[in-house]
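Hi there,

Here is the structure I promised to pass on to you. Please have a look at it first, and then read my notes below.

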Amino acid sequence: QVQLVESGGGSVQAGGSLRLSCEYSGYSYIRKWMGWFRQAPGKEREGVAAFYATGRLTSHADSVKGRFTISQDNSKNTMYLQMNSLKPEDTAMYYCAASSGARTVVRPLAPYEYDYWGQGTQVTVSS
């Protein structure tokens with residue numbers, strides 16, 4: 001059974017930093033995409049960053065390029081999202097997600113490409 005558990009969210013002032021963690025179990029990341037998504041109240045869920053471990057491919061949304069970095073520690077079965085220079089518009093519930101590998105992922109930042117989801121961790125950025 002695949003389980004994804006996020007942690008590291010919190011409240012921070014604009015310009016600050018946070019590092020989110022996603023610990024996964026029952027899951028092999030080999031030849032699969034994993035990613036971070038966020039959803040603000042009243043808005044659709046959107047892709048923030050994703051990576052394909054085999055080949056070390058990454059994808060970041062334009063809104064976070066240069067500020068957020070996705071990474072993974074295989075030894076800890078954990079994926080991270082380092083968030084720097086946070087802005088109030090980054091306020092959202094952040095989710096980690098993983099694809100099943102049953103089909104080819106064409107749009108790695110599209111939520112519909114992912115099969116497994118964590119419960120989310122809240123990030124609040126004040127001005």
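With a relative accessible area of 35%, Asn 77 is partly exposed. Please keep in mind that this is a predicted model.

Arg 31 also has a positive phi without being glycine, here near 55°. You will find Arg 31 in the loop between β3 and β4, and at a relative accessible area of 59% it is exposed.

The largest nonpolar core has 28 residues, and the ones touching the most other members are Met 34, Trp 36, Leu 81, Met 83 and Tyr 94. At least two residues of this core come from each of β3 (18–25), β4 (33–39), β5 (46–52), β7 (68–73), β8 (78–83), β9 (92–98) and β11 (121–126). Another core, of 7 residues, lies apart from it and includes Trp 33, Phe 37, Tyr 52 and Val 105. As general background, nonpolar side chains in soluble globular proteins tend to be buried together.

Leaving aside residues up to four places away in sequence, Leu 81 touches Leu 18, Arg 19, Leu 20, Trp 36, Val 48, Ala 49, Phe 68, Thr 69, Ile 70 and Tyr 94.

The rings may interest you too: there are 6 aromatic pairs. One of them joins Tyr 27 and Tyr 116 edge-to-face, at 6.2 Å centre to centre with 70° between the planes. Tyr 27 is in the loop between β3 and β4 while Tyr 116 is in strand β10 (residues 116–117), so this pair ties together parts 89 residues apart in sequence. Tyr 27 counts as buried because its relative accessibility is 12%, below the 20% cut-off. Tyr 116, at 30%, counts as partly exposed.

Phe 37 and Tyr 114 make another edge-to-face pair, with 5.0 Å between centres and 70° between the planes. Phe 37 lies in strand β4 and Tyr 114 in the loop between β9 and β10, so parts 77 residues apart in sequence are tied together. Both Phe 37 and Tyr 114 are buried.

Finally, ring pairs link Tyr 24, Tyr 27 and Tyr 116 into a cluster. Lys 32 lies over the face of Tyr 27, 5.5 Å from the ring centre, and the charged end of Arg 45 sits over the ring of Trp 117, 4.7 Å from its centre.

Best wishes

Terms used
Residues numbered from 1 in each chain as written. Predicted model: local features only at pLDDT ≥ 70, side-chain atom pairs only at ≥ 80, totals over all residues. Heavy atoms only, no water. Core = buried A, V, L, I, M, F, W, Y, C linked by side-chain atoms within 4.5 Å. Buried < 20%, exposed > 50% of the residue type's maximum accessible area, 1.4 Å probe, protein only. Helix = DSSP H or I, 4+ residues; strand = E, 2+ residues; numbered from the N terminus. Contact = heavy atoms within 4.5 Å. Phe/Tyr/Trp six-rings, centres within 6.5 Å; stacked < 30°, edge-to-face > 60°. Lys NZ or Arg CZ within 6 Å of the ring centre and 35° of its normal.
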